[in-house]
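Trainee: Can you walk me through this one? I would like to go bond by bond, then look at rings and strands.

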Amino acid sequence: MMNERKKVTQSCFTPSALDTPVAEPVCFANVTDDKQFLVLSCSWGGGFPTALLWWKGPGGQGKDGEESSNVLVVRYSAFQFGKAYVCAAKHPLVTQTKTCGLTLVPVSKPSVLIRDTLPVEGATVKMQCNVENGTEPIQYVWQREIERGSITTFAQGSSSSIITMSNVNRSHSGRYRCIGSNFLNTENSDWVFLDIIFGPDVPQIDVTSYSITDRGFSALETEPVSLSCQAQSNPASQYIWFYNNSQVFTGPQYTIAKILRVHTGDYTCLAQNSHLNTRSRKTVSLIVYYPPAGSPSCSMEAAQNHTSLSLLCSWSGGLPSPSLRWTGDGIKAEQEETELQTNLQNSAAILLPSEGRIPNNSLFTCIGAHPVIKQQAECSTRTYIPPAEPVCFAYVTNTQQYLMLSCSWDGGAPKALVWWEGPGGQSKGGQENSNILVLRYGMARSGIPYTCYAKHPLLVEAKSCRLTLEAPVLLTQRRVISVYEGSDVQLTCNLRANYLPANEITWFNNQGVDVRDTSKYMLLRTSAWANLTVRETDEMQDSGEYRCSTSNAVGGAEINITLVVKRYPMPPNATLIRATYNSRQRNEVELEWQVNGTEETGGWTGFHLEHRWVSERPNKRGSSNISQLQMEERISSQDWYRTVIQDPGSRSHTVRGLTPTVTYQFRITPVNHRTIGHPSVAKTPVELRDNMYPAVVGAAVGGMLFAAIPTVLLLVFIIRNRDSNPRLHAMLFGSQHSQSRENINFPEDEVVADSDGGLENTTGSGTTSAEPKASSSLAAGKHLPLQ
């Protein structure tokens with residue numbers, strides 16, 4: 001029977017039929033499409049027979065849920081997220097029950113992190129989607145809102161929470177968000193605004209109430225003109241307007257309520273991005289059209305050696321130039337056409353033959369027109385003798401090679417014929433052209449008249465005028481100028497109005513040296529004046545006489561100006577009232593001072609705080625070998641080191657970095673600009689009041705001295721009265737010592753010697769060996785507290 005059972009066992013339960021699962025139980029979950037149920041599944045495959053599986057959840061959901069072997073179905077609304085659901089697995093061949101668990105966590109609300117929310121155009125931007133909680137795997141979707149309500153997805157399906165955008169531009173500006181999701185739920189982050197910084201681009205300038213010309217924009221005088229500037233930029237550009245390189249306005253729109261001719265010029269709009277510190281600019285030209293001033297001016301002169309009459313008409317100052325034409329008796333149509341062709345630069349000319357002698361008081365009219373003026377303007381001229389007298393004047397060429405003498409006789413019609421006569425035949429030797437006499441520079445004679453003669457066709461005798469050339473005259477505002485040292489001073493030199501131009505004004509300093517633009521001197525000059533500025537004046541260096549000089553074709557002139565540089569008043573004295581070490585290390589000293597007097601007695605602008613080395617500490621090796629004279633010489637040779645305090649209201653200062661083993665002296669000196677006052681009495685810093693170490697040492701030394709003095713007095717008393725108290729003397733010194741004291745010839749000298757610093761053997765004998773012992777003992781008792 002046993003053999004039969006064995007056979008049965010071998011036939012029903014073969015080793016190849018029984019097997020344990022190889023791996024561990026596996027749990028997984030799923031959500032139904034309608035998100036009404038969560039299905040938790042568990043499996044432990046590979047074993048035979050099949051393992052028994054069941055679920056255990058929080059709140060008894062493993063029993064109450066719909067359960068079918070390894071599947072647990074729980075309503076989505078009843079599922080307890082964040083708590084463990086455990087699947088238990090039992091196999092007959094395994095003693096212990098295996099388990100696996102699921103803790104499901106929905107995705108929490110994501111947050112977007114942009115490392116640089118204000119990137120510059122062209123930069124790389126990284127955005128990260130942070131999800132604090134959520135069961136993996138989590139998928140990320142990135143969205144962007146281009147316009148309000150218009151949302152686009154530009155990245156999705158990625159398991160990475162970081163997205164990188166390279167070479168961003170202004171079009172990438174907008175709101176961004178990320179969406180995190182797992183198989184349980186989906187959550188959106190809040191919108192985050194990405195602002196791309198760029199610009200400014202080249203500005204665009206618009207001009208209102210204008211017309212376009214080949215040179216830019218034009219406008220009519222007295223009308224309002226508005227210039228607006230727009231440059232793409234983020235953040236918005238800041239605008240600055242310049243007129244001919246001078247700043248005139250800040251803002252995008254520059255309005256001129258009533259434009260004038262002086263407003264003609266270049267207008268530049270400068271756009272700047274304050275965040276990037278970048279700029280761009282654009283310039284436009286604006287021309288203001290305006291009418292010529294007054295009315296046309298007419299004149300008449302003789303031409304072709306006084307055989308013809310030339311009519312001249314001018315109307316200056318308008319923009320554009322006005323059109324002019326002549327009318328009158330004897331002027332034919334073809335002559336008017338010829339006159340229109342010669343109209344140039346606000347003037348018109350016509351040539352009339354005078355064979356028949358144009359009668360006196362003949363009338364000719366010039367008619368002028370301008371686009372800004374609605375009505376025409378005109379002027380008339382008649383043939384008559386000039387009512388005034390001839391006028392003479394002189395000028396110098398730019399190269400200063402020639403002196404030009406010119407003569408005119410205005411107001412008559414036609415213009416008179418003029419010529420020059422000068423001393424020494426200069427009218428013949430000089431280069432002469434009608435009313436101009438050319439003389440070489442420096443050859444003119446001072447004080448001798450040059451005569452200009454003027455001949456009019458209607459007069460029998462010639463008129464004349466004279467020029468007497470003179471040297472230039474210089475003027476100044478003040479001949480003596482007084483300033484405080486350290487300030488800048490301007491010396492002026494003006495050229496008095498003179499018909500004969502002068503050369504450039506030259507300055508010479510108080511040393512007689514020609515002044516140029518340097519760090520010490522600054523020159524500002526025109527043709528009529530020259531100002532010299534002396535910078536940072538100094539009493540010793542800059543006081544004295546300065547000279548400006550000039551010359552012309554006739555002579556020269558100069559003027560002296562005395563500059564007095566004064567020192568500032570002496571400041572009041574200052575006193576150091578406290579100098580204290582602020583620690584045991586002796587490397588920092590706190591100083592406090594006070595100023596004697598007030599602002600009424602003298603002002604001050606700061607202080608000079610000085611310190612120097614005085615001595616070394618007493619325990620410094622070798623310091624005791626320095627004599628008092630050597631010490632004084634060493635102290636006197638030390639330099640004072642200065643610290644400048646520019647605050648006049650300061651009354652305390654801390655000096656740091658001192659050497660602990662060195663004793664210093666400090667002093668304070670008030671300063672009034674460049675005037676340095678008297679230094680205070682030097683002061684040596686003291687230790688802190690709460691430093692107990694010197695007090696304890698002092699108390700100990702004092703106590704020892706207090707105890708030693710009565711002892712010494714008692715011993716002296718016993719020695720002096722040893723005969724009257726032999727027993728007390730013998731008890732303290734012994735009989736042998738008493739006998740040795742009898743050999744001392746002068747005991748009083750011994751006591752006196754002891755008072756001077758120790759006992760001294762006065763016998764000169766070597767037999768009294770006890771004397772050094774008594775002397776040494778007493779001396780040691782006296783000097784012990786001083787060690």
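Trainee: How many disulfides does the count come to?
Mentor: The count comes to 9 disulfides. Keep in mind that this is a predicted model.

Trainee: Pick one. How far apart are the sulfur atoms of Cys-229 and Cys-269?
Mentor: They are 1.9 Å apart, and the two cysteines form a disulfide. The cut-off for a disulfide is 2.5 Å between the sulfur atoms.

Trainee: Which strands do Cys-229 and Cys-269 lie in?
Mentor: Cys-229 is in strand β19, residues 225-230, and Cys-269 is in strand β23, residues 265-273. The pair therefore ties together parts that are 40 residues apart in sequence.

Trainee: Is that disulfide of Cys-229 and Cys-269 left-handed or right-handed?
Mentor: Left-handed, because the torsion about the S-S bond is about -90°.

Trainee: And are the two ends buried or exposed? Start with Cys-229.
Mentor: Cys-229 has a relative accessible area of 3%, so it is buried. Cys-269 is at 0% relative accessibility and counts as buried.

Trainee: Next one. What is Cys-407 joined to?
Mentor: A disulfide joins Cys-407 to Cys-452, with an S to S distance of 2.0 Å. Cys-407 is in strand β32 and Cys-452 is in strand β36, residues 450-455. The pair links distant parts of the chain, 45 residues apart.

Trainee: What is the torsion about the S-S bond of Cys-407 and Cys-452?
Mentor: About -95°, so this disulfide is left-handed. Both Cys-407 and Cys-452 are buried.

Trainee: What about Ser-408, which strand is it found in?
Mentor: Ser-408 is in strand β32, which covers residues 402-408. Its relative accessibility is 13%, so Ser-408 counts as buried; the cut-off for buried is under 20%.

Trainee: Which residues does Ser-408 touch, leaving out those up to four places away in sequence?
Mentor: Ser-408 touches Pro-390, Val-391 and Phe-393.

Trainee: Back to sulfur. Is the disulfide of Cys-493 and Cys-548 left-handed or right-handed?
Mentor: Right-handed, because the torsion about the S-S bond is about 65°. The S to S distance there is 2.0 Å.

Trainee: Where do Cys-493 and Cys-548 sit?
Mentor: Cys-493 is in strand β40, residues 489-495, and Cys-548 is in strand β44, residues 544-551. They are 55 residues apart, and the pair links distant parts of the chain. Cys-493 counts as buried at 0% relative accessibility. Cys-548 is buried too, with a relative accessible area of 0%.

Trainee: You mentioned β44. Which sheet order has β44 in it?
Mentor: An open sheet of 4 strands runs in the order β39-β45-β44-β41, with mixed pairing. The edge strands are β39 (480-484) and β41 (506-508), and each of them pairs on one side only. Neighbouring strands of this sheet are turned by 25° against each other on average, direction ignored.

Trainee: How many bridges join β44 to β45?
Mentor: There are 8 bridges, and β44 and β45 (residues 556-566) run antiparallel. Glu-545 stands opposite Thr-562 in β45.

Trainee: What holds strands of a sheet together in general?
Mentor: Strands pair through backbone hydrogen bonds, either parallel or antiparallel.

Trainee: Switching to rings. How many aromatic pairs are there by the count?
Mentor: The count comes to 12 aromatic pairs. One of them is Phe-79 with Tyr-85, which is stacked, at 4.3 Å centre to centre and 10° between the planes. Phe-79 and Tyr-85 are both buried.

Trainee: Which residues do ring pairs link into a cluster?
Mentor: Trp-241, Tyr-243, Phe-249, Tyr-254 and Tyr-267.

Trainee: Now charges over rings. What sits over the ring of Phe-508?
Mentor: The charged end of Arg-547, 4.2 Å from the ring centre. Lys-566 also lies over the face of a ring, that of Tyr-484, at 5.1 Å from the ring centre.

Trainee: Last one. Where is Gly-317 found?
Mentor: Gly-317 is in the loop between β26 (308-314) and β27 (323-328). At 32% relative accessibility, Gly-317 counts as partly exposed. Gly-317 and Tyr-290 are 27 residues apart in sequence, and their C-alpha atoms are 8.2 Å apart in space.

Key: Residues are numbered from 1 along each chain as its sequence is written. This is a predicted model: local features need pLDDT of at least 70, side-chain atom pairs count only at pLDDT 80 or more; totals for chains, interfaces and linings use all residues. Side-chain values use heavy atoms; hydrogens and water are left out. Helices (H or I, at least four residues) and strands (E, at least two) are DSSP runs, numbered from the N terminus. Buried means under 20% relative accessible area, exposed over 50%, partly exposed in between (1.4 Å probe, protein chains only). Contact means heavy atoms within 4.5 Å. Rings of Phe, Tyr and Trp (its six-membered ring) pair if their centres lie within 6.5 Å; planes under 30 degrees apart count as stacked, over 60 as edge-to-face and the rest as tilted. A charge sits over a ring if NZ of Lys or CZ of Arg is within 6 Å of the ring centre and within 35 degrees of the ring normal. Two strands pair if DSSP finds at least two bridges between them. Axes are lines fitted to C-alpha atoms, for helices over the stretch in contact, and angles run from 0 to 180 degrees between N-to-C directions.
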